[in-house]
Amino acid sequence: TDILMDAYRNPSHRGEIAHPTHSHEEENPLCGDTLRVHLRIEDDCIAQAGFEGRGCVISQAAAELMLERIERQPTSVVQELNRDTVLSELGLQSISPARLKCALLVVEALKRALPVVRVE
């Protein structure tokens, strides 16, 4: 889609950010995609987000679009990200299982970078 290609060709969140407080790297061994997300959290809000990595158009575009979506939002928005969110942002209605794993790489990285803190 045009959305997907624009996000891939013109990423504004690619690269490291100044003073990240959280980061995590995920890899998709099936296709070789790697993605590291960097977040700076201030007052339970995602003040800045960035990513580094290599991989297919889908994994890199999904990273750009998801970071755009969560930046300047409360950290709780990360837990709401899912398959439907990613496919909607990419402008896709369906995708093969192998490509879905590429698209969801960013969601996995973000959720592991910001684990849910549960009070017992």
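**Close-up 1. Glutamate 26 sits in strand β1, which covers residues 22-28.** This and the views that follow come from a predicted model. Is glutamate 26 buried or exposed? With a relative accessible area of 14%, glutamate 26 counts as buried, because the cut-off for that word is under 20%. Look next for histidine 24: its side chain and the side chain of glutamate 26 make a polar contact at 2.6 Å. Leaving out residues up to four places away in sequence, glutamate 26 also touches Asp33, Thr34 and Leu35, along with Leu105, Glu108, Ala109 and Arg112.

**Close-up 2. Helix α2 (residues 57-70) meets helix α4 (residues 83-90).** A pair of packed helices is described by the angle and the distance between their axes. Here the two axes come within 10 Å and cross at roughly 100 degrees. Angles of 65 to 115 degrees count as roughly perpendicular, so that is the description for α2 and α4. Which residues make the contact? From α2 come Ile58, Ala61, Ala62, Leu65, Met66 and Arg69, while α4 brings Thr85, Val86, Glu89 and Leu90. Sorted by class, the contact of α2 with α4 has seven nonpolar residues, one polar residue and two charged ones.

**Close-up 3. Glutamate 89 belongs to helix α4.** Its relative accessible area is 22%, and glutamate 89 is therefore partly exposed, a class that lies between 20% and 50%.

**Close-up 4. The largest nonpolar core has 35 residues.** In soluble globular proteins, nonpolar side chains tend to be buried together. Which members of this core touch the most other members? They are Leu39, Ile46, Ile58, Ile70, Leu90, Val106 and Leu110. At least two core residues come from each of α1 (2-9), β2 (33-42), β3 (45-54), α2, α3 (77-80), α4 and α5 (97-113). The largest share is that of α5, with nine residues.

**Close-up 5. Leucine 90 is one of the core residues that touch the most other members.** You have already met Leu90 as part of the contact that α4 makes with α2. Apart from neighbours within four places in sequence, leucine 90 is in contact with Thr1, Ile3 and Leu4, with Ile58, Ala61, Ala62 and Leu65, and with Ala103.

Definitions and conventions:
Residues are numbered from 1 along each chain as its sequence is written. This is a predicted model: local features need pLDDT of at least 70, side-chain atom pairs count only at pLDDT 80 or more; totals for chains, interfaces and linings use all residues. Side-chain values use heavy atoms; hydrogens and water are left out. Helices (H or I, at least four residues) and strands (E, at least two) are DSSP runs, numbered from the N terminus. Buried means under 20% relative accessible area, exposed over 50%, partly exposed in between (1.4 Å probe, protein chains only). A polar contact is a pair of N or O atoms within 3.5 Å; within protein, one must be able to donate a hydrogen and the other to accept it, and residues adjacent in sequence count only if both atoms are side-chain atoms. Contact means heavy atoms within 4.5 Å. Axes are lines fitted to C-alpha atoms, for helices over the stretch in contact, and angles run from 0 to 180 degrees between N-to-C directions. Angles under 35 degrees count as roughly parallel, over 145 as roughly antiparallel, 65 to 115 as roughly perpendicular and the rest as oblique. Ala, Val, Leu, Ile, Met, Phe, Trp, Tyr, Cys and Pro count as nonpolar, Asp, Glu, Lys and Arg as charged, and the others, Gly among them, as polar. A nonpolar core is a set of buried Ala, Val, Leu, Ile, Met, Phe, Trp, Tyr and Cys residues joined through side-chain atoms within 4.5 Å.
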